[in-house]
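Student: Could we go through this model together, taking a surface feature and then a piece of sheet?

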Amino acid sequence: MKQSLDAGLAALKQQDYDRAIALLESVAKSATNQPLGTRAEMGLVMAYKATGNLQKSIALCTSLTKHPHTQVKTWADRTLTALSDRRPPKPPENPQKIPATPPETGFVPFDVGNSPPKISPTGDRPSTDQKTDLVAFEQTSRQKNVKSPQIPPVPAPPKPPLVKTSEPETSTTATDSDAPTEVPGVVTPDAYELIWRNSGRAASGWRKLKLLKLARFRVETLACTIALFLMVRFILEFLLTNVNALLVQLYIFTKLPVFAPIQIFYRDPTAFVQFMFGLLLASSPWLIDAVLKLICGMEPLGGVTLLKSSKEANRVVRNFCKQQNMPAPVLQLLPIDVPVAFSYGCLPRFARIAVSQGLLDQLTEDEIATILARELAHIAHWDFAPMSLAVLVIQTPYLIYGLVVHWEERLSGLISIEFFRSVVKVLAAGISAGSYGIYKLLRWPMLWVSRRRVYFSDRTAAEITGNPNGLTRALAKIAIGMAKNIEQQQQTSFFLEGFELLFPVGLGQAVTIGSAGLHAPLEQILLWDVSNPCRHWLTVNSTHPLMGERLKLLALYAQFWQLETELDLANLGTLESTKGKFQVSDLFNSKFWPRHPPPLVLQGAPFLGIPMSLAIVGVLWLIGGILSRTSIWWLDWLWGDRSILWGCLPIGFCLGTLMRINDFFPDIVPRAVTAPSLPQILSNSDSLPLDAQPVGLQGKLLGRSGMANWLGQDLILQTGTGLVRLHYVSRFGPIGSLWPQPTRPSDLVGQSVVATGWLRRGATVAIDLETLRSQGGRVSNSGHPIWSAILAFAAAVWGAYIIFQGEMYR
């Protein structure tokens, strides 16, 4: 039925009225009193009007004036007035033939496609009245605060064009200055207002979902925690060894006893790391309490306060804990405006749930209950304990990064001698950058668990409350609230970044989705999340699953309980595009290699180069093993030579990087630079990070100032349609970012800038910067292509050195 509706609207747009009427009439009869049927009837009003059948058009429009949806009723009233005042036009002799002057239908279907309005042979365009009808009709079709029946918004076409901000060219015959300038298929910010449907919840005694099988998840959690332990041990051993190596060199150079190496640093740190992990886990409730009191001023959340905000939440906490036979968690209040909630602790007996004042203020009673149900699910599933440990572990280097930056600013103001001020700045820059890099590395082992646990908590929360629609609204409002907080604070707070692993919504997704959700339907901006065939491969660096997938699952739960869904995501993504889809069997296809590699293969070429190099090593070892049994003794050394193994790994990374560098960083030609809106970017469901789009976006630069942002940790461009993250790197990499520079990106924070670079659409949206230019003419240059090339050649040199020094690696 949906396909027939789309085909009928497309035929109406192409002015094929006979076919449009036939298709839309069949949909209207089959879907009476349903959203699809209402849309078909609205289309029929325009089709009848265009063909001169004014009587049918008026009759159908009159019935729509009694529709319960206010916006449909408003549109029908206005259209009926226009129909009553108009004399019936003479119908065209051949409805399929475009008349010399297009009929004044005032209608463009919901799915308007990617082409501009048709121009008649005489060059006429729709009149001003028609454009008014168009805007009103599109607004009516895309609003979402409906009880029943709903008018579901239709997502934009899979791949709308990225248009330039300059005024588009028009036909020489088109002289009407009032021609529409909206981008087809995408709702413009002025034409959209976010209104919730407030869809219902399951009635009492709803059917239970299938029991969750958590055994595999708990094994994965244990494996990730062990990986975190090993990474901490490796980093600590690396730091201690290199500190002693530096002290040895200083001692040889100065002969001063103060630089003698510290003997305890030579010991195996395994036992120390084990002790610290046990201590941090056991004391996690109180340590995290102390950190939150320090940075947020956390205070206890009284039962009266919770009752005032959500009686249902209080009831859910009490009933669930009684059902699970566990003590109720301690509730804490964060007096901040950003809407967040998270659980932490070591045992259910000592569990805490922290709720922000912003969450209590911005969410409704039932939505607060669903969020608290999510956190109760984390406690019941026992995943809150390892995540609390992980947060404490990564907080150590992150707090060092924040404190060093804070005290550097104070000390620099107190030191009057330039030399000592420079020394302090260099030391602070090295320590803060190194600490931030360690913080990023330590997040990696727990990302898998962080994503997996979200699916289980969402499902459990929906089952506890019977309100998947309420949880959908809550998650979307949290994302919107986080984006608003960044806009208000003009930067990402240390709290949001440091505790991201525990939040209901990932910070990277909230920046984009939360800001764009105020300018376009959520179905449109979440289309990539549910339909891109490579999306699962592109979330490896994400703390949370894709928002679209989560909300789609909630929509499916709503359908399971026969509820009307808050968002129309349940049926999206069923027919996925095959662009970039890669199967392992393709490697054995003789037709695979002569062609251009699939986009996903090219996207991961630097990392796929490593296993390919291992295959080459295997061939070399085989050759060496065969020749060792013959008289050709001068190549038998290849057999089992581990230096070749270790040396080929960085060489494979080099080859993969060089293989994709031209596709990853195409030349930026001024005439090819576009300025798409954020909804346009998000509407392209087939795009990959490899599909680098040269863009030049204008907006205000947000982010931290000073040394806290020398590495480009927090660069966000605030555009008219949302927030876009910016990626900056010096031409000489992170170390080059610490050198003196005429203009750093952090120097332009708070100013209006033009960001030029390569647009990447993956799990999040970001721009790899080429230049950042302020209105005052200051320019900060980034060096992504150069740094990639330097890194590739450095890896090749390193690999060659390992092979040359073969005996050391055998």
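The dialogue below takes up a nonpolar patch and then a set of paired strands.

Student: Since this is a predicted model, which helix gives the most to the nonpolar patch?

Tutor: The patch covers about 670 Å² of surface and is made by Ile400, Ile417, Phe419, Phe420, Val423, Leu427 and Ile431. Helix H15 spans residues 418–443, and with 5 residues the helix that gives the most is H15.

Student: Where does Ile417 lie, and is this residue buried, partly exposed or exposed?

Tutor: Ile417 belongs to the patch and lies in the loop between helix H14, residues 384–414, and H15. Buried means under 20% relative accessible area and exposed means over 50%. Because the relative accessible area of Ile417 is 47%, this residue is partly exposed.

Student: Turning to the strands, how many residues of S6 are buried?

Tutor: Strand S6 runs over residues 715–719 and pairs with strand S5, residues 693–703, in the antiparallel sense over 4 bridges. Strand S7, residues 722–727, is also antiparallel to S6 and is joined to it by 4 bridges. S6 is mostly covered, and of its 5 residues the number buried is 4.

Note on methods: Residues are numbered from 1 along each chain as its sequence is written. This is a predicted model: local features need pLDDT of at least 70, side-chain atom pairs count only at pLDDT 80 or more; totals for chains, interfaces and linings use all residues. Side-chain values use heavy atoms; hydrogens and water are left out. Patches are made of residues with over 30% relative accessible area and no salt bridge: like charges are joined within 9 Å, nonpolar side chains (Val, Leu, Ile, Met, Phe, Trp, Tyr) within 5 Å. Accessible areas come from the Shrake-Rupley method with a 1.4 Å probe; for residues, only the protein chains shown count as cover. A salt bridge is a side-chain nitrogen of Lys or Arg within 4 Å of a carboxyl oxygen of Asp or Glu. Helices (H or I, at least four residues) and strands (E, at least two) are DSSP runs, numbered from the N terminus. Buried means under 20% relative accessible area, exposed over 50%, partly exposed in between (1.4 Å probe, protein chains only). Two strands pair if DSSP finds at least two bridges between them.
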